[in-house]
Every structure is written in structure tokens, then in C-alpha cells.
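The tour below moves from one selection to the next.

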Amino acid sequence: MKRILLFALLLILQINAAISQDAEKHQVEAKVFGFIGYDAILDTYKSLDARDGELIFYPLRPRLDSTGKDINNVVQLQMLSISTRLGLSVKGPDILGAKSSALVEADFYATKNDYVSLLRIRHAMFKLKWATTELLVGQYWHPVFVTDVAPSVISFGSGAPFHSLNRSPQIRFSYFPYPMVRISLTALMQSYHKSSGPEDAQRNSGKPELMLQAAAGSAEEFLAGLSAGYKWLTPRLVTQTGYATCKTSGQYLFSVFLLKRFGKTVVKAEAVYGQNPTHLNMIGGYGMASGSGPAPNDDYDYTSLNTLSTWVDVQHQAGKMGVGLFAGYSKLYGADKNYTSLAGYSRNDDLNNIYRISPRLSYQAESITFALEYMLTAATYGSTFDNRHRVTSSLDPVYNHRATLNIKYSF
């Protein structure tokens, strides 16, 4: 890992030097940025997580041995530096009458747990900005991830699975009818953040995910907006008995978000309601619409679970000290049709709800930040369900207590 980090840093420095030498001629400004991150993480209950525990979702369903002891009730300790990040931001010359800029960013989080500690692309995009319009092309945050209205949590994941966590290749066109009003339309394809189920399901549909978003205000005082989107998934091209199929599941998504500043205190909040938002690292999924398939060719329709996710984040800054609190809640509301679970097509469709309360404290000394965060995450699993997979009775909640020490050197 040290060799990879050194090579990546030297490569970025060489690119930066080459650009700087020719900057005056081509009107290019380039800046290297990033940080070295360290996390020490203590958990009290085994949870669904990713990348050796760096990203946590919620406690697993209890798993009892023959004596009734819960196997998942175990204390775990981990130390990681895979969030370490390198980036290059560029301000380029005017192109077609627009101001141009670009961003390349990578970390060592990898794209799957099998590749943990390997380099991956976070962002790779460029923008053209005219007086009232803007074009963004490349891999960047999903529109539901509004950068100005993201939780200020310490732990990796920006509050997932309550808040969205997704970067996707996209084309985004934005229109600014007024200086503080933005309307954008985005077409996206899934990258390493994919929906549960077959990984090529969106590609098989032949359609991009479409997102429309409107926002008004400024992050300096007050910002509010809403989003609406739709995606298509075609999980199978052939049935188990060898018949061609192109049955597709259409899934919608809505969100509202806001930010308000009160002096040195910032309050952020969001609510998301949609079908199968698993590509956003949220809970949910889709399955077979029970009784929809004719027996001769073993084909069937799909129906999606409806997910509600809400969160609020408060951050107060007092000089070098920062204190904050994050709270989130998510619930599954069942499907619109009779539902039969399909293996791998959901992120725990046996859940009823999850919630999290997470206070934090940070201190910044020049380029170094020290932060401590406590996270209580609870998961309530369903015991019985109706035909549409709505919970009719639940198990007792299970809890994980997580403590995270984060030290970050930024440059």
C-alpha cells in the first residue's frame, strides 16, 4: 500500500508540475489536495458493514447457538487508513464561452471488500459554466447527495444508510434562472454503487436513471430543494428454463432537503422516499410480484419495497472546536403488490426499521484534525409479514455501540 500511495502521489505531483509549467500559456490553475486519514473503531455488536468495518450500516439479525447465546454479540476492534485521499482540481481556460474546471480524486477504499486498500476513482469529472447554465460530465456525486446539505459526521459514509452515498457516471445540465435558483436534469448509470440484485440490471434495461432537481437559496444562509427520479432495472435476460425475458422494474425516488444557519450553528435535514434505493446504500430492495408469472415459461413481474429515510444534523463551530449531533431513521413500508423475496435482491428485506443517534466532537490544529464520535445504531427486524411484505410483528431491537477516533492530516 505504501508503494501505491507513493506512486500515486508522485504521479499527481508530476502532472501538477507539468500543468504549472504551461499554466500561463493555457490559463490553467491546478491544485493538489487530499489527506492522510486514520480511524480506530470499536463496536459492541456484529453489524452489516463494508471495507473491514470502515462503513457501517446496522446491527445484524440475532443469530443464536444451540444454548441460546447470540453469536453476533461480540466486541470488535479495527484500525484503518483506507480513507486516505488524493485529488487534483483544475481551473482551465474558457471553452465555447464557458469557464472550465475539472476534478480527479481517488482513495484507497476500493470498490469491493475483496480489493480493500487498493486505489479507486472517487470523482473524475469536468464542468463548463456559462452565465446561466452549467454542464457537468463524468463521475461525481449522485444528485440526491447535495454536497452543501450532507451530514458533518466523523465516521466514513456521510451518514449512510440514512443519507445517500453514491457516485455515478453522469451527464448533468443545470439552469440558473436567478442567481440563487438552480434547476438540473441528470442522466446517470450505476458504477460501483449498484442496486441489489444482478449487477448488470440497469445496463440490461438500456435506460439511464433520470433525476430532476430544483433548489433555491445559498449555503451561507438558507438552502432548500427537492428531487424526483426514476430508474429501470432488467435483472434477467433468460429464465431458469431457458426462455428469453425482458421484464423490467421501474422504480421512483423523491427527496426534500434543507439547510439553515444560525450564526455559528448549521442545521441540515433531508427526507427520502422511494423504491429500492439500495444503489444509494440505503435499505430496501425488490422481488417477484407474487402470482404474476405464467407457468409455461417461468417468467414473472417485479415489485419494489418502499423505503422512507429521514435524518437531521446539527453542527456548531466555536473556534477550533466543533460539536455536532446526527440522528437518522429509516423504515420499510412493504411493496405495492404481493411480494416474494428473491435472494440477493434486497438489503435486508426482513427489516422493520433502523435508527441512529450520533454525537461528535472535533478539534483542529493547523492541518491536523482530531475527532471523536459515538454512534448508537438500532435495528428492528420483522417477525411476521403480510402478503405485501409489510411487518405485522417485530423482534426486539438489537443495538450496536460504536466509538470512532479519527485523526486526519490535510494538505
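What follows is a sequence of selections, each with a description of what is found there.

This is a predicted model, in which local features need pLDDT of at least 70 and side-chain atom pairs count only at pLDDT 80 or more, whereas totals for chains, interfaces and linings use all residues. Residues are numbered from 1 along each chain as its sequence is written, and side-chain values use heavy atoms, with hydrogens and water left out.

Select T248, which sits in the loop between strand 12 (222-233) and strand 13 (249-262); helices (H or I, at least four residues) and strands (E, at least two) are DSSP runs, numbered from the N terminus. T248 is partly exposed, with a relative accessible area of 36%, where buried means under 20% relative accessible area, exposed over 50%, and partly exposed in between (1.4 Å probe, protein chains only). If you now show the residues in contact with T248 (heavy atoms within 4.5 Å), you will find W232, L233, T234 and Y302, once residues up to four places away in sequence are set aside.

Two polar features can be drawn here as distances. A polar contact is a pair of N or O atoms within 3.5 Å, where within protein one must be able to donate a hydrogen and the other to accept it, and residues adjacent in sequence count only if both atoms are side-chain atoms. The side chains of T248 and T234 make such a contact at 2.7 Å, and a polar atom of the T248 side chain also lies 3.1 Å from the backbone oxygen of C246.

Move to S168 in strand 9 (residues 167-178). Is S168 buried or exposed? S168 is buried, with a relative accessible area of 2%. Its side chain makes a polar contact with the side chain of N166 at 2.5 Å, and, leaving aside neighbours within four places in sequence, S168 is in contact with G138, Q139, Y140, H142, L188 and M189.

The whole structure holds 12 salt bridges, each defined as a side-chain nitrogen of Lys or Arg within 4 Å of a carboxyl oxygen of Asp or Glu. Begin with R61 and D350, whose closest N and O atoms are 2.9 Å apart. This pair links distant parts of the chain, since R61 is in the loop between strand 3 (55-59) and strand 4 (76-80), while D350 is in the loop between strand 19 (346-347) and strand 20, 289 residues apart. R61 counts as partly exposed at 30% relative accessibility, whereas D350 counts as buried at 18%.

Next, select R360 and D313, a salt bridge with its closest N and O atoms 2.9 Å apart. Here too the pair links distant parts of the chain, with R360 in strand 20 and D313 in strand 16 (residues 302-318), 47 residues apart. R360 is buried at a relative accessible area of 4%, and D313 is buried at 0%.

For another pair, show E134 and K127, whose closest N and O atoms are 4.0 Å apart; E134 is buried, with a relative accessible area of 15%, while K127 is partly exposed at 26%. Then select E105, D107, R120 and R122 together, which are linked in a network of salt bridges.

Finally, select I36, M321, V323, L361, Y363, I368, F370, Y409 and F411, which form a nonpolar patch on the surface with about 760 Å² of accessible area together. Strand 17 (321-335), strand 20 (351-365) and strand 21 (368-385) are the elements that give two or more residues to this patch. Patches are made of residues with over 30% relative accessible area and no salt bridge, like charges being joined within 9 Å and nonpolar side chains (Val, Leu, Ile, Met, Phe, Trp, Tyr) within 5 Å, and accessible areas come from the Shrake-Rupley method with a 1.4 Å probe, for which only the protein chains shown count as cover for residues. As a last stop, centre on V323 in strand 17, which is partly exposed with a relative accessible area of 41%.
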